[in-house]
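Let's take a friendly walk through a protein structure, stopping at a few spots along the way. Keep the picture open as you read.

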Amino acid sequence: MEGDTFAVTGATGLVGRQLVKLLIGRGDKVNVLTRDPARARETLGSFSQLGFYGKDEWMQGVDGSRVVVNLAGEPISTRWSEGVKKEIYDSRVLTTRLLSDLIRESEKKPEVFVSGSAIGYYGTSLGQTFSEQSPPGSDFLARVCQDWEEAAMRASSEDTRVVCLRTGLVLSKEGGVLEKMVPIFQLFVGSPLGQGDQWMSWIHRDDLCDLILHSAQNAELSGAVNGTAPEPQTMNTFCRDLAGVLERPMFMPPVPDLPLQVFLGEGAVLVLEGQKVVPNRAQETGFEFKYPKLRQALQHATKY
């Protein structure tokens, strides 16, 4: 049976690489929408199921694809200068506006547009629990996410269903939070950051890729979908479980707020504050997590 055709931005990133591997394994065709086709081909390989399209060729990759998946965006775990904040905004919002315009202008419109967003949409809180129905926050990331989702929804029509996937912390040893934390814990100097009671809403990379496919296949889903595991944990619990999985003790006291604020500036909000997010829409539509428990997810993500 012939597979579907997916057009994917951000295909060389942490989630994109795994998604492309999954799609190829299913027998799907993947149109890689990239700024640098040569580098993307070097990263992903020259499989017959892969097509590579530079930015001026994106319409060719979008038109006729059944699903468009938008995973583009500059990293946010760095010090936020005004220039970095502009890159964070433009790489998400402007790229998504372009994709929405291409979808609307295409002759054979995609049936589904799954566009990345983030749980930063909700702002931060120690006490609240956020579902897809919760209102947005008012900080920088919340404003980025609102504009990001608004840009994606421009593609919505009777022909194209749009899903905005609000992703949490993605667990994989190849990047993200574990790439930074695991080496520190392996050196016996791992500890919680900040007060330790801030929430960490996480998801294993394999589950996120499966949730992207679930969103593409399930007609009940449109609009916001939280891409997080069912059981968010505090920073203290996360670090305790990570230390246990790595068979390392936590000797060090929590890292105080001030050095992180000096090092990361406004970007320190990513580790010093958090949000407790639950995946109501995914579960309501029958999605089953391979890794619903944190320790189980960490055991796999730190090895494979």
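## Salt bridges

Arginine 26 has a relative accessibility of 35%, so it counts as partly exposed. Keep in mind as you look that this is a predicted model. The side chain of arginine 26 meets that of aspartate 28 in a salt bridge, with 2.6 Å from N to O. Aspartate 28, on the other hand, counts as buried because its relative accessibility is 2%. How many salt bridges does the count come to? It comes to 15.

Another one joins glutamate 111 and arginine 66, whose closest N and O atoms are 3.2 Å apart. This pair links distant parts of the chain, 45 residues apart. Glutamate 111 is in the loop between helix H4 (82-105) and strand E5 (112-118), while arginine 66 is in the loop between helix H3 (58-62) and E4. Glutamate 111 has a relative accessible area of 43%, so it is partly exposed.

## A tie between two helices

Now find arginine 295 and aspartate 241: they form a salt bridge too, and their closest N and O atoms are 3.6 Å apart. Arginine 295 belongs to helix H12 (residues 294-301) and aspartate 241 to helix H8 (residues 235-245), so the pair ties together parts that are 54 residues apart in sequence. Are the two partners buried or partly exposed? Arginine 295 is partly exposed, with a relative accessible area of 37%, whereas aspartate 241 counts as buried at 8% relative accessibility.

## Rings and their neighbours

Time for some aromatics. A pair of aromatic rings is described by the distance of the centres and the angle of the planes. Searching the whole structure turns up three aromatic pairs. One of them is tyrosine 121 with tyrosine 122, edge-to-face at 5.3 Å centre to centre and with 80° between the planes. Both tyrosine 121 and tyrosine 122 are buried. Phenylalanine 287 and phenylalanine 289 also pair edge-to-face, with 4.9 Å centre to centre and 85° between the planes. Phenylalanine 287 counts as buried at 10% relative accessibility, and phenylalanine 289 counts as buried at 13%.

Ring pairs also link Tyr121 and Tyr122 with Phe130 in a cluster. Elsewhere, lysine 85 lies over the face of phenylalanine 140, 4.9 Å from the ring centre.

## A helix tucked inside

Next up is helix H7, which covers residues 205-217 and has 13 residues. From its first C-alpha to its last, H7 reaches 19 Å, close to the 18 Å expected at 1.5 Å a residue. How many of the residues of H7 are buried? The number is 12 of the 13, so H7 is largely enclosed by the rest of the structure. Among the buried ones are Arg205, Asp206, Leu208 and His214.

Valine 67 is another buried residue, with a relative accessible area of 0%. You'll find valine 67 in strand E4 (residues 67-70).

## A patch on the surface

Finally, look at the surface. Ile184, Leu187 and Val189 make a nonpolar patch there, with about 270 Å² of accessible area together. Leucine 187 sits in the loop between helix H6 (176-186) and strand E9 (199-200). Its relative accessibility is 62%, so leucine 187 counts as exposed.

Notes: Residues numbered from 1 in each chain as written. Predicted model: local features only at pLDDT ≥ 70, side-chain atom pairs only at ≥ 80, totals over all residues. Heavy atoms only, no water. Patch = residues over 30% accessible without salt bridge, like charges linked within 9 Å, V, L, I, M, F, W, Y side chains within 5 Å. Areas by Shrake-Rupley, 256 points an atom, 1.4 Å probe, with all protein chains shown as cover. Salt bridge = Lys/Arg side-chain N within 4 Å of Asp/Glu carboxyl O. Helix = DSSP H or I, 4+ residues; strand = E, 2+ residues; numbered from the N terminus. Buried < 20%, exposed > 50% of the residue type's maximum accessible area, 1.4 Å probe, protein only. Expected span 1.5 Å × (residues − 1). Phe/Tyr/Trp six-rings, centres within 6.5 Å; stacked < 30°, edge-to-face > 60°. Lys NZ or Arg CZ within 6 Å of the ring centre and 35° of its normal.
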